[in-house]
Amino acid sequence: MEIFSVFSEPSFVAVAVTALCFLFALFSLLRSFSLPRRFTPPRKHHCDCASDSASVAAAGAVPYLNGGAEMLEPGPVPAPLVLAERLTGSSMMEELVPEITTHALSYLDYPSLCRLSMTNSLMRKAANDDNAWKALYHKDFTLEQDSITPTNGWKAYYAATRAIVNINTEFFNIVRDKSLPAMSRFWLNGDYVKCIHASGELFSGFNAVMQSWQLAFNWEQGLNFQVRDVRARVLADMAWVTMKTYVDMDTGPFNVTNVFEFHNGRWYMVHHHSSMMNGDVDHHIVHG
């Protein structure tokens with residue numbers, strides 16, 4: 001009874017409240033250690049070109065490359081239009097003027113331009129530009145046909161011209177090899193085909209033309225010659241090639257014209273004319 005008499009009723013209430021406060025504080029402290037803290041990354045002071053540029057443009061300012069801006073007086077400025085184009089994802093190739101693009105592509109050769117067109121859609125569009133193929137045609141072949149307008153575009157015309165030039169080269173390879181079977185396959189089997197050798201003699205019809213080449217191949221002297229100044233003109237089903245051939249560089253050249261016709265998916269020779277404009281013809285019908 002003496003112990004309980006020491007603590008009066010108000011003192012007991014105060015002690016109880018203090019104990020509860022202590023327990024609540026201890027519980028809060030333990031809970032703060034048990035829960036993970038939310039990490040707030042520090043704010044970085046960097047430049048977001050897209051967002052900052054858009055906000056700067058909206059405010060009427062001219063952006064710098066580093067993200068800063070110089071405030072100008074309100075007025076019509078072209079900066080927002082330029083930024084709008086850049087925001088669309090346009091590449092440097094698209095932003096070049098067509099003349100510069102054509103000039104850059106003109107340094108490529110035929111295989112490189114074809115490989116470029118297979119990279120992506122943008123490069124395919126640039127590599128298929130008609131002006132680029134026209135410039136390549138003038139570089140690889142001739143400037144004589146600058147004024148023409150090919151029906152299917154300069155790319156198709158370049159491919160057709162290259163095919164004819166390759167076929168014309170095949171003709172001279174047959175002459176060097178003295179292969180009569182290859183020559184018979186090279187000519188169209190028709191009664192209107194004609195061949196005029198450097199001797200000036202005319203051979204008309206397929207059989208007569210083949211006999212003339214047999215005489216030429218039976219000649220013992222080797223056929224070592226060079227072909228220069230090749231010019232080709234290609235139409236839908238006909239093409240002709242003019243050139244100069246040199247059997248001996250000390251003498252004048254032979255002027256040669258080859259005419260081809262397109263039949264059944266391939267080109268055939270239908271006319272060959274070789275003549276020497278100056279000097280004596282000492283090579284008979286062998287012209288090179």
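In this predicted model, Asn168 has a relative accessibility of 3% and therefore counts as buried. Asn168 belongs to helix α10, which covers residues 153-177. Leaving aside residues up to four places away in sequence, Asn168 touches Val241, Met243, Asn258 and Phe260.

Asn258 is located in strand β7, which spans residues 254-263. The side chains of Asn258 and Asn168 form a polar contact with each other at 2.8 Å. Because its relative accessibility is 0%, Asn258 is also classed as buried. The contacts of Asn258, again without residues up to four places away in sequence, include Phe171 and Phe172, as well as Ala239, Trp240, Val241 and Met243. Met269, His271 and His272 are also among the residues that Asn258 touches.

The discussion now turns to the strands. Strand β6 comprises residues 238-246, and 8 bridges connect β6 with β7 in an antiparallel arrangement. Within this pairing, Thr245 has Phe254 of β7 as its bridge partner. On the other hand, β6 also pairs with strand β5, residues 226-234, in the antiparallel sense, here over 7 bridges. Strands β5 and β6 make up a hairpin, with 3 residues between the two strands. As a general rule, the side chains of a regular strand alternate between the two faces of the sheet.

Which residues make the nonpolar surface patch of about 240 Å²? The patch is formed by Leu235, Met238 and Trp240. Met238 is part of strand β6. Its relative accessibility is 30%, so Met238 is counted as partly exposed. Trp240, another member of the patch, is also one of the residues touched by Asn258.

Helix α8 covers residues 121-127 and contains Met123. Is Met123 buried or exposed? Met123 is buried, because its relative accessible area is 16% and the limit for burial is under 20%. The C-alpha atom of Met123 is separated by 9.5 Å from that of Leu113, a residue 10 positions away along the chain. In helix α9, made of residues 130-140, the buried residues include Ala132, Trp133 and Leu136, together with Tyr137 and His138. The N-terminal end of α9 is capped by Asp129, which has a side-chain oxygen 3.1 Å from the backbone nitrogen of Asn131.

The secondary structure consists of 12 helices and 8 strands. The protein has 288 residues, of which 30% count as buried. How much of the accessible surface, about 19,300 Å² in total, belongs to carbon and sulfur atoms? These atoms account for 59% of that surface. When contacts between residues at least 6 apart in sequence are considered, 45% of them join residues at least 24 apart.

How values were computed: Residues numbered from 1 in each chain as written. Predicted model: local features only at pLDDT ≥ 70, side-chain atom pairs only at ≥ 80, totals over all residues. Heavy atoms only, no water. Patch = residues over 30% accessible without salt bridge, like charges linked within 9 Å, V, L, I, M, F, W, Y side chains within 5 Å. Areas by Shrake-Rupley, 256 points an atom, 1.4 Å probe, with all protein chains shown as cover. Salt bridge = Lys/Arg side-chain N within 4 Å of Asp/Glu carboxyl O. Helix = DSSP H or I, 4+ residues; strand = E, 2+ residues; numbered from the N terminus. Buried < 20%, exposed > 50% of the residue type's maximum accessible area, 1.4 Å probe, protein only. Polar contact = N/O pair within 3.5 Å; in protein donor to acceptor, adjacent residues only side chain to side chain. Contact = heavy atoms within 4.5 Å. Pairing = 2+ DSSP bridges.
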